Amino acid sequence: MIAKMPVCSVSQPLAGKSAQDIFSTSLFIQEIKKSAKKLQIKVSALEEKSLPLHLEDSLESSDPYVRAAAHDILKLFGERLAVILLCLKEGSPENRTARPDWSDEEWAYWNSLKHIILVGGLASPPLGEHLKYYVEQVFKASGKHPYTIILGKDSTYAGLRGCATYLRNSPDNIPGGAFASNSPAQVNLIFDYGQSFIKRSYVVMEGQELKDIIILGKTLSRHVDWDIKDPALEETEAHALNQYFLETIGRTVREVEARGLAIRPHIILSIANYVKDGKIANRGGYGKLRLIAPNYALYLSTCLKEYFNRDFYFTLLHDGTAMAAGYADYKQSVCISLGTAFGVGFPENRKR
């Protein structure tokens, strides 16, 4: 919560608003719609969730007025992101009071951080490069020591790549382990279930090392509304979400096997929700899956056993934890996903 604006060059009236109130993909989409004519984007002919991708085209337009309109949107959100980071960096008394669940330890942590790693769809080039520029301009004008902003490599798929690090100690990837054979065409499936899209991939491991990650076509997320007040409606949507969840996994298994590949039993699944030991918390659009089974990871294993008559087991990860896992070598850093909502992960935790 931005209880008090930091001293900076940003004139936007942001005091009294939360970070989520001022920065999200849905807000980006709203601004794109409002400026669609200037951006030369035909909104009615496009899938709404894809509009940020078309903003990239406007940034690279040969028309200077179109480029200027696109820059205005990136400046708007770059300044907002800078304000959020400044609030975390300086930890004013007013902003500390507005976050009563944090102690001095949390504020000291954010003040001492050196690096902010940005990942997610909005952090991908060229959008991420422009957001980074405007954040750095605000910090420079404020006179405060800045975070070093790092744009994650191939940031749209950071969650998938981070998930792959959890395969290094998987028994079915150890030579002589449970799934060992002479066939070189063995892969692990990895999914990233986000609020906007479900990203899919399969990974080729060579012993304990990642050899290659193959990105499959992503699909739209469905049934992930999170503000459902009616318990009966929530349960109905939970079953619809679960069915879609299983259909996506089953379709991917068949798609990969049609390529002549053998799928190892261990599947890694990142989800835009808090999870612990296979259990999904009552929070976010995927939180309703708690109504399907107390341990959703075990439930998935049981379902796939029924569908394919062989064993699979799942590691479920919070999406922030997954994306940060790929940056474990960065010290004094935090990984922030700029997607449908903010996601936060802590790279150094992966080493523990």
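A residue counts as buried under 20% relative accessible area, as exposed over 50%, and as partly exposed in between; the legends below use these words for a predicted model.

**View 1. Tyr-109 and Trp-110, an edge-to-face pair.** With a relative accessible area of 32%, Tyr-109 falls between the two cut-offs and is therefore partly exposed, whereas Trp-110, with 7%, is buried. The ring centres of Tyr-109 and Trp-110 lie 6.3 Å apart and their planes meet at 85°, which means that the pair is classed as edge-to-face.

**View 2. Phe-23 and Phe-28, an edge-to-face pair.** A search of the whole structure finds 18 aromatic pairs, and one of them joins Phe-23 and Phe-28, whose ring centres are 5.9 Å apart and whose planes stand at 70°, so the pair is edge-to-face. Phe-23 is buried at 1% relative accessibility, and Phe-28 is buried at 0%.

**View 3. An aromatic cluster that includes Phe-191 and Tyr-299.** Phe-191 and Phe-245, together with Tyr-193, Tyr-286, Tyr-296 and Tyr-299, form one aromatic cluster.

**View 4. The protein chain around these details, with its twelve helices and twelve strands.** The radius of gyration of the protein chain is 21 Å, which agrees with the value near 20 Å that a compact globule of 352 residues would have, and the C-alpha atoms fill a box of roughly 60 × 50 × 45 Å along the principal axes. Buried residues make up 51% of the 352 residues, and among contacts between residues at least 6 apart in sequence, 65% join residues at least 24 apart.

How values were computed. Residues numbered from 1 in each chain as written. Predicted model: local features only at pLDDT ≥ 70, side-chain atom pairs only at ≥ 80, totals over all residues. Heavy atoms only, no water. Helix = DSSP H or I, 4+ residues; strand = E, 2+ residues; numbered from the N terminus. Rg over C-alpha atoms; globule rule 2.2 N^0.38 Å. Buried < 20%, exposed > 50% of the residue type's maximum accessible area, 1.4 Å probe, protein only. Contact = heavy atoms within 4.5 Å. Phe/Tyr/Trp six-rings, centres within 6.5 Å; stacked < 30°, edge-to-face > 60°.
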